[in-house]
Amino acid sequence: MNEFGQPVGDPVPGWAAAPPPSADVLSGRLCALERLDPDRHAVDLYAAFASATDDRAWTYMAFGPFPSFESYYRWSVAAAASPDPRHYALTDAATGRALGTLALMRHDPANGVIEVGSIVLSQVLQRTAAATEAQFILMRYVFEDLGYRRYEWKCDSLNEPSRKTAERLGFTYEGTFRQALVYKGRNRDTAWFALTEKEWPAVRTAFETWLNPANFDAQGRQRKKLRTR
């Protein structure tokens with residue numbers, strides 16, 4: 001309560017604005033996130049995306065699919081030049097090949113809020129430990145290196161795989177913004193998810209337990225599922 005008897009939010013002692021993301025490389029055991037560079041990554045990325053049997057990976061994206069390498073390269077040049085979203089290529093630690101992209105976006109340093117989005121994973125990367133590790137690497141960077149208070153995930157409310165992934169990774173569903181966007185000529189109701197700095201320590205422990213090499217057999221199959229809740 002304040003001096004007028006009104007309910008107010010909890011104090012945030014010592015809060016100062018968080019810095020914007022600036023890392024060019026974030027490394028893990030299985031993968032690395034490298035600031036998107038069209039000349040280094042576009043060939044690998046286009047080849048990885050083009051190997052898919054269909055274009056379903058692009059259904060809920062605001063961009064794509066790309067009918068040619070030239071069209072993808074043009075998109076990557078514009079994406080690489082953008083400070084927000086800040087796009088990263090997800091590269092395989094063993095081969096160095098770029099196999100997917102994701103971005104830190106909607107930067108709000110003053111309030112310590114940032115979003116992960118524009119996630120496109122090639123089929124070879126989907127449902128792999130490297131894809132999960134990439135999310136962990138970015139979360140750790142946001143909460144521990146930059147000191148953000150809130151990390152958001154948003155998707156088309158009809159995108160069931162994205163919703164399930166958000167919950168698996170430890171995000172909490174907070175509601176749906178109706179008629180939030182128009183993209184590709186159709187309406188998007190946006191489902192909002194978030195993870196806060198108070199929830200992060202338990203989520204971090206869950207990720208570290210799951211990513212431990214002992215949790216995988218000789219074929220790389222998980223022994224126990226990721227349990228962030």
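Strand β2 (residues 31–35) and strand β3 are joined by 5 bridges and run antiparallel; here two strands are said to pair if DSSP finds at least two bridges between them. The model is a predicted one, in which local features need pLDDT of at least 70 and side-chain atom pairs count only at pLDDT 80 or more, whereas totals for chains, interfaces and linings use all residues. Residues are numbered from 1 along each chain as its sequence is written, and side-chain values use heavy atoms, with hydrogens and water left out.

The chain contains 5 helices and 8 strands. These elements are DSSP runs, numbered from the N terminus, with helices (H or I) of at least four residues and strands (E) of at least two. Their order along the sequence is β-β-α-α-β-β-β-α-β-α-β-β-α.

The overall dimensions were examined next. Along the principal axes, the C-alpha atoms occupy a box of roughly 65 × 45 × 30 Å. Of the 229 residues, 44% count as buried, where buried means under 20% relative accessible area, exposed over 50%, and partly exposed in between (1.4 Å probe, protein chains only).

Contacts and surface were also computed. A contact means heavy atoms within 4.5 Å. Among contacts between residues at least 6 apart in sequence, 62% join residues at least 24 apart. The chain exposes about 12,400 Å², of which carbon and sulfur atoms supply 52%; accessible areas come from the Shrake-Rupley method with a 1.4 Å probe, and for residues only the protein chains shown count as cover. There are 28 positive and 27 negative side chains, and the centres of the two sets lie 6 Å apart. In this count, Lys and Arg are positive and Asp and Glu negative, while His and the chain ends are not counted. The place of each charge is taken as NZ of Lys, CZ of Arg, CG of Asp or CD of Glu.

Strand β3 (residues 86–92) is mostly covered, with 6 of its 7 residues buried. Tyr88 in β3 is the bridge partner of Arg35, and the partner of Tyr88 in β4 is Leu102. Altogether, 6 bridges join β3 to strand β4 (residues 98–108), and the two strands run antiparallel.

β4 pairs with β5 in the antiparallel sense over 6 bridges, and Val116 in β5 is the bridge partner of Leu104. The hairpin of β4 and β5 has 4 residues between the strands; in this hairpin Gly112 takes a positive phi near 70°.

Positive phi values also occur in residues other than glycine. Ser118, which is not a glycine, has a positive phi of about 50°. Ser118 is found in strand β5 (residues 113–121) and is buried, because its relative accessible area is 18%. Lys184 likewise has a positive phi, near 50°, in a residue other than glycine. Lys184 is placed in the loop between β7 (172–183) and β8 (186–196), and at 38% relative accessibility Lys184 counts as partly exposed.

Two cis peptide bonds were identified in loops. The peptide bond from Gly64 to Pro65 is cis, with omega near 0°, and Pro65 is placed in the loop between α1 (38–50) and α2 (69–81). The peptide bond from Asp84 to Pro85 is also cis, with omega near 5°; Pro85 lies in the loop between α2 and β3.

Towards the end of the numbering given here, Ala202 lies in helix α5 (residues 200–211). Ala202 is exposed, with a relative accessible area of 54%. The C-alpha atoms of Ala202 and Thr228 are separated by 7.3 Å, although the two residues are 26 residues apart along the chain.
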